[in-house]
Amino acid sequence: MTTSPHRAKPVVVQQVSGNEAEAVHEPVTRPLVFVSVGTDHHPFNRLVQRVDGWSASHRDVEVVIQHGEATRPVHCVAVPYLSHSELFALIRRANVIVSHGGPATIAEAWNVGLIPIVAPRGHQLGEHVDNRQQAFAAVLAVHLTLVAWLLWIGAALPLRTFVIFGAGVICAYT
């Protein structure tokens, strides 16, 4: 009889119980909401503050915000900027992606089979040089490629939008 060099040999595994058994298990991971405001030099505090506030009351959800020049969020993981490989790693891990209205992040979400929630920056609010993100998001929304198009047109004309982050979890934006 010939023995294959790749044949596994029987191993006796010591059984553990109680706290020892719990220690060897991988922790259960929470759902991940990844937010990207892109690399524009204008701060996007409106989106960062809204999601950070939501995160404070939803500790069962991991939230990572790439915040750029916006004020650093306090209730979630915060990174100012990411390399493309870091960005893509988070997009691949995410259950939900919330993105500014730039086409690159939206396309990266599509590449992994996710339909992003898009919050375009507004020129009137000092978040961008023009309203091209709003125009781009509007075109995509018409073609049903976005879960939600979050458009805030300023304090005088608030638009209330509801976004479903998961089963029964609804976040209201005004």
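Residues are numbered from 1 along each chain as its sequence is written, and side-chain values rest on heavy atoms, with hydrogens and water left out. Since the model is predicted, local features require a pLDDT of at least 70 and side-chain atom pairs count only at pLDDT 80 or more, whereas totals for chains, interfaces and linings use all residues.

The protein contains 5 helices and 8 strands (DSSP runs numbered from the N terminus, with H or I over at least four residues for helices and E over at least two for strands). Along the sequence these elements follow the pattern α-β-α-β-β-α-β-α-β-α-β-β-β. Of the 174 residues, 41% are buried (under 20% relative accessible area, with exposed meaning over 50% and partly exposed in between, for a 1.4 Å probe and protein chains only). Among contacts (heavy atoms within 4.5 Å) with a separation of 6 or more, 50% join residues 24 or more positions apart.

The side chain of serine 55 reaches the backbone oxygen of histidine 75 at 3.0 Å. With residues up to four places away in sequence not counted, serine 55 touches Val63, His75 and Cys76.

The largest pocket has a volume of about 200 Å³. A pocket is an open set of points on a 1 Å grid over the protein atoms alone, where a 1.4 Å probe fits, with protein on both sides within 12 Å along at least five of seven lines; lining residues have an atom within 4 Å of a point. Points are joined across faces, edges and corners, and the volume is the space filled by probe spheres set on them. The pocket is lined by 15 residues, of which Ser36, Gly38, Thr39, Leu87 and Thr105 lie nearest its centre. Helices α3 (84-93) and α4 (103-111) each give two or more residues to the lining, and α4 provides the largest share, 4 residues.

How values were computed: Polar contact = N/O pair within 3.5 Å; in protein donor to acceptor, adjacent residues only side chain to side chain.
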